There are 2 protein chains.
Amino acid sequence: VKRSGRLAVRAFRTEQREFLVEGPQGVREALAPPADGRVGPCLEVYASRAATDRHDDLRRAAADAAVAWTVVDDDVIAVLSDTVTPQGLVARCRFVDTSLAALLRRSPRLVAICADVRDPGNAGTVIRCADAAGADGVVLAGSSVDPYNPKTVRASVGSVFHLGLSMTPDVAEAVAAARAAGLSVLAADATADLDLDAADDTQLLELPTAWLFGNEAWGLPDTVRRLADRVVNVPIHGRAESLNLATAAALCLYASARSQRRAPG
Amino acid sequence: VKRSGRLAVRAFRTEQREFLVEGPQGVREALAPPADGRVGPCLEVYASRAATDRHDDLRRAAADAAVAWTVVDDDVIAVLSDTVTPQGLVARCRFVDTSLAALLRRSPRLVAICADVRDPGNAGTVIRCADAAGADGVVLAGSSVDPYNPKTVRASVGSVFHLGLSMTPDVAEAVAAARAAGLSVLAADATADLDLDAADDTQLLELPTAWLFGNEAWGLPDTVRRLADRVVNVPIHGRAESLNLATAAALCLYASARSQRRAPG
């Protein structure tokens with residue numbers, strides 16, 4: 001338990017290649033059998049006595065997956081938990097990311113590359129939206145937040161387990177690899193001339209695509225924007241100053257999903 | 001100042017019909033001259049000495065709008081502020097909502113009705129997204145959160161000043177009024193058979209529309225869902241359990257905006 005408590009710190013997570021997932025929904029996703037028949041990411045579940053009584057379904061899922069279910073006191077849960085009001089359930093999981101090369105070898109049709117996205121909640125919500133839009137993977141590139149940050153995991157509402165997840169320190173390298181894998185690279189940027197609806201009209205969005213999203217405050221630097229095949233803005237029809245990152249990402253990814261699903265063949 | 005500090009409490013806001021807006025972006029929007037040439041909503045700006053030095057543009061905007069600029073100590077800002085790290089600027093503003101009847105008399109083409117949306121941040125983000133999508137108004141119906149809640153105002157990033165805003169205690173009445181004003185009422189609900197892309201294909205989204213969004217946790221109750229002309233779901237292409245309310249609202253409103261803008265005539 002003491003060792004698990006340290007997983008709140010990024011350096012320990014990276015060393016152990018393990019992270020924590022909180023709450024019933026997250027634990028359920030961690031215990032779900034992977035579609036490819038491989039061993040799931042969950043290594044152990046810590047549960048309070050009350051949560052153990054409340055979530056018999058999860059206890060059975062843990063047993064089915066041959067995952068230890070350890071009943072602990074509330075103060076232990078408090079140490080493992082990142083929330084103000086813990087729900088009594090924390091799963092210790094193996095890292096689920098893959099190398100960028102492995103992600104791209106699966107011939108993805110829709111990928112989100114986050115360039116220097118720093119806010120844990122935003123990154124988690126982008127992962128959730130990418131999953132909802134049916135994207136094959138999310139790449140956290142440059143100085144982006146650690147996907148195993150407890151806030152990111154929580155904001156993803158289990159989606160960290162659903163799609164390919166890669167981390168790479170170099171944004172330019174990620175873009176080059178995506179293009180080499182046959183993806184059209186579209187940068188989302190408010191300053192672009194081409195808007196998302198017009199892009200849709202030109203069939204641009206039908207292509208297998210990697211969307212490039214920038215930092216929530218300063219967007220994409222010029223040097224990164226220039227790496228893209230096209231730069232696209234989400235139109236602001238009213239007087240809002242901007243959209244938040246996750247909303248803009250959801251609109252871009254869903255526009256691609258719609259266009260790809262409608263494309264002939 | 002003491003009276004203004006009380007505006008943190010809903011009962012005092014409602015009595016005074018005044019609310020507070022924090023931070024440079026919010027204060028800028030509060031001071032912007034309304035398009036219709038009427039007097040703006042801002043009554044007074046409280047600023048720390050540092051913020052006064054830093055934001056000469058805002059001080060000029062206040063002077064142009066004949067709005068008092070009151071320099072106060074940091075501890076006064078702290079009392080007026082809802083944030084942990086106040087930015088030294090708080091505007092006291094007149095309420096900006098209108099009656100539902102007045103909002104509907106303006107022949108809106110796109111409106112969001114929030115039914116029992118309780119989280120202040122979510123409601124503010126819906127207002128921001130609705131503004132970005134070019135919606136004409138947002139109706140906070142039923143037991144929805146007060147739009148003048150400091151967290152709602154902050155999450156709207158100034159959009160509370162940009163579009164028609166109404167509050168009405170009765171969801172059914174709001175729906176009936178929207179329909180009587182010629183709007184097609186579409187309820188967003190994960191259980192619907194019709195998905196947003198299919199709705200788009202049938203030209204359904206070209207009509208002047210009021211979207212009905214439910215509570216972030218329990219969605220729309222049956223009784224409310226049945227009031228809509230059609231129920232539409234945002235498709236989940238991947239394995240995400242759901243989308244958050246504001247993202248779902250953004251996807252619906254942007255789909256309507258695109259369809260309406262493309263419709264012949």
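The following dialogue explains how terms are applied to this predicted model.

Biologist: What makes a residue part of the contact between chain A and chain B?

Modeller: Contact means heavy atoms within 4.5 Å. The contact takes 34 residues from chain A and 34 residues from chain B. The two chains bury about 2900 Å² between them, 52% of it on carbon and sulfur atoms. Buried area is the accessible area (1.4 Å probe) that two parts lose on being put together, summed over both.

Biologist: Why are B:Arg262 and A:Asp201 said to meet in a salt bridge?

Modeller: A salt bridge is a side-chain nitrogen of Lys or Arg within 4 Å of a carboxyl oxygen of Asp or Glu. For B:Arg262 and A:Asp201 the N to O distance is 2.7 Å, so the pair meets the rule. Across the interface of chain A and chain B the rule finds two salt bridges. There are also 22 residue pairs in polar contact across the interface, both residues being at pLDDT 80 or more. A polar contact is a pair of N or O atoms within 3.5 Å; within protein, one must be able to donate a hydrogen and the other to accept it, and residues adjacent in sequence count only if both atoms are side-chain atoms.

Biologist: Which elements give two or more residues to the side of chain A that touches chain B?

Modeller: They are helix 8 (120-132), helix 11 (196-201) and helix 13 (245-262) of chain A. Helices (H or I, at least four residues) and strands (E, at least two) are DSSP runs, numbered from the N terminus. Helix 13 of chain A gives the largest share, eight residues. By class, this side has 14 nonpolar, ten polar and ten charged residues. Ala, Val, Leu, Ile, Met, Phe, Trp, Tyr, Cys and Pro count as nonpolar, Asp, Glu, Lys and Arg as charged, and the others, Gly among them, as polar.

Biologist: How do you know that the two copies are related as by a two-fold rotation axis?

Modeller: Copies are superposed by least squares on the C-alpha atoms of residues with pLDDT of at least 70 in both. A rotation of 180° with 0.0 Å of shift along its axis superposes chain A on chain B, with an RMSD of 0.0 Å. The two copies are therefore related as by a two-fold rotation axis. In chain A, the C-alpha nearest the axis belongs to A:Thr247, 2.8 Å from it. The same surface serves both copies, since 100% of the contact residues of chain A recur in chain B.

Biologist: Why does B:Thr247 count as buried?

Modeller: Buried means under 20% relative accessible area, exposed over 50%, partly exposed in between (1.4 Å probe, protein chains only). B:Thr247 has 1% relative accessibility, so it counts as buried. B:Thr247 lies in helix 13 (residues 245-262) of chain B and touches A:Cys129 and A:Ala250, not counting residues up to four places away in sequence.

Biologist: Why are B:Asp97 and B:Arg17 placed in classes of accessibility?

Modeller: B:Asp97 has a relative accessible area of 16% and is therefore buried, whereas B:Arg17, at 42%, counts as partly exposed. The closest N and O atoms of their salt bridge are 3.6 Å apart. B:Asp97 lies in the loop between strand 4 (89-94) and helix 7 (100-105) of chain B, and B:Arg17 in the loop between helix 2 (10-16) and strand 1 (18-22) of chain B, so the pair ties together parts that are 80 residues apart in sequence.

Biologist: What makes helix 3 of chain A mostly covered?

Modeller: Seven of the nine residues of helix 3 (residues 23-31) are buried, among them A:Gly23 and A:Leu31. The elements that cover these buried residues include strand 1 (18-22) and helix 5 (56-64) of chain A.

Biologist: Why does B:Thr209 count as buried?

Modeller: B:Thr209 has 0% relative accessibility and therefore counts as buried. B:Thr209 is in strand 10 (residues 209-213) of chain B, and its side chain reaches the backbone oxygen of B:Leu207 at 2.7 Å.

How values were computed
Residues numbered from 1 in each chain as written. Chains lettered and ligands numbered in written order. Heavy atoms only, no water.
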